[in-house]
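Subject: Structure handover

Hi,

Here is the structure I promised to pass on. Please load it before reading the notes.

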Amino acid sequence: ILSVTDKNGKALNYTINQTMMRIDLETPLASKQNIVFKIKWNYKIPERMKIGGRGGYEKVGDDGNYVFTITQWYPRMCVYSDYQGWNNKQFTGRGEFALVFGNFEVNMKVPADHVIGSTGTCVNTNEVLNPKELSRWQKAQTSVTPIEVVTLEEAKAKETKPDNTNFKVWKYKAENVRDFAWGSSRKFVWDAMAQNVEGKNVMCMSYYPKEAYALYSRYSTKTIAHTVKTYSKFTIPYPYPVAISVEASHGMEYPMISFNFGRTAADGTYTSKTKHGMIGVIIHEVGHNFFPMIINCDERQWAWMDEGLNTFVQFLTEQEFDNNYPSSRGPAHKIVDYMRMPKNQLEPIMTNTENIAQYGNNAYGK
């Protein structure tokens with residue numbers, strides 16, 4: 001954090017305590033009043049595969065290029081709720097979300113040969129896409145099958161001749177979301193299709209390197225579309241304009257965008273386990289758009305309202321995808337080994353997120 005000022009540039013006092021920051025206002029903020037303040041800050045992108053965490057950069061393949069996943073990267077507002085006041089718990093890495101809704105305008109300046117997938121809608125596609133890409137993007141708006149906006153061949157060509165001197169600014173806007181995340185790489189293949197939800201088209205899109213092409217091009221975007229359609233049937237209509245999966249060797253969710261694994265062996269082959277694991281994690285992370293991103297719950301306090309409800313609808317969605325799908329959670333017998341444990345090793349489902357011993361069983365499975 002470099003500075004915190006009011007709207008006129010006057011410095012405000014603040015205190016940083018590990019993962020939390022408190023700003024001291026000159027006068028108390030009364031009900032129905034508002035305040036404008038500005039934060040100047042920077043963020044050093046970590047090497048995710050070495051340090052861990054939700055986002056960062058990763059060298060993918062042997063072509064010397066990287067995939068960037070930019071998540072939990074800016075000062076996020078704490079929740080001030082009517083039942084507990086400020087939610088000022090330290091972030092320990094487990095309970096991820098207790099956030100307020102807001103509107104975002106974000107400009108990303110990246111190398112000119114990068115492609116960005118992001119929370120929200122890109123408002124300057126005519127500036128950042130070349131004529132071929134723009135034509136494909138426009139065609140994808142009404143397509144019921146995935147169309148490659150950036151093709152495999154184009155992504156491979158950019159890998160061999162990276163542009164490290166020119167830059168583009170991608171401009172995104174997102175309304176009524178709890179968070180904002182994005183991914184960027186010259187390695188990305190980008191495909192897109194439209195999924196109709198109660199008369200409105202949702203753009204379902206995937207971004208992935210060639211190392212995931214054989215799996216992602218066949219299954220990712222179709223899985224997103226199926227997830228948006230099925231969750232909308234079982235819960236509420238999906239309200240956002242896009243739903244995205246970025247291949248990033250793990251699983252994590254943010255509004256309208258998620259990061260999921262799905263790479264093949266070097267020769268492009270893959271096992272049934274990898275295929276079903278990828279489909280399952282895409283359903284799960286895209287499903288998190290509903291719990292907790294839209295149907296607003298506090299994962300910092302009650303993990304099952306986030307992970308448990310999502311896992312239940314994930315199971316329904318997997319079975320509608322394929323009624324022989326090898327779901328890892330959902331059928332009652334899957335929880336029996338946990339529930340037959342000694343009672344002194346079991347915990348109530350309402351146990352606080354940071355205090356659960358068997359997080360997977362209690363928060364997801366039970």
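Predicted model: local features only at pLDDT ≥ 70, side-chain atom pairs only at ≥ 80, totals over all residues.

Residues are numbered from 1 along each chain as its sequence is written, and side-chain values use heavy atoms, with hydrogens and water left out.

**Helix 5 and helix 6**

Helix 5 covers residues 213–234 and helix 6 covers residues 272–287. (Helices are DSSP runs of H or I, at least four residues; strands are E runs of at least two; both are numbered from the N terminus.) The two pack at an angle of about 40°, with axes 9 Å apart. (Axes are lines fitted to C-alpha atoms, for helices over the stretch in contact; angles run from 0 to 180 degrees between N-to-C directions.) So helix 5 is oblique to helix 6. (Under 35 degrees is roughly parallel, over 145 roughly antiparallel, 65 to 115 roughly perpendicular, and the rest oblique.) The crossing is right-handed: the near helix is turned clockwise from the far one by less than a right angle.

Contact means heavy atoms within 4.5 Å. Helix 5 contributes residues including Leu215, Tyr219 and Ile224; helix 6 contributes residues including Met278, Ile282 and Val286. The contact residues split into 11 nonpolar, five polar and one charged. (Nonpolar: Ala, Val, Leu, Ile, Met, Phe, Trp, Tyr, Cys and Pro; charged: Asp, Glu, Lys and Arg; polar: the others, Gly among them.)

**Helix 5 and helix 8**

Helix 5 also packs with helix 8, at about 120° and with axes 10 Å apart. That makes the pair oblique. This crossing is right-handed too. The contact residues divide into five nonpolar, seven polar and two charged.

His226 of helix 5 takes part in this contact. Histidine 226 is buried, at 16% relative accessibility. (Buried is under 20% relative accessible area, exposed over 50%, partly exposed in between; 1.4 Å probe, protein chains only.) Beyond its neighbours within four places in sequence, histidine 226 touches Thr317, Glu320 and Phe321.

**Two loop residues**

Arginine 300 sits in the loop between helix 7 (289–294) and helix 8 (307–321). Arginine 300 is buried, at 7% relative accessible area. Its side chain reaches the backbone oxygen of glutamine 90 at 2.4 Å.

Glycine 93 lies in the loop between strand 8 (85–86) and strand 9 (102–111). Glycine 93 is partly exposed, at 28%. Its C-alpha is 7.8 Å from that of glycine 53, 40 residues apart along the chain.

Best wishes

Methods. Polar contact = N/O pair within 3.5 Å; in protein donor to acceptor, adjacent residues only side chain to side chain.
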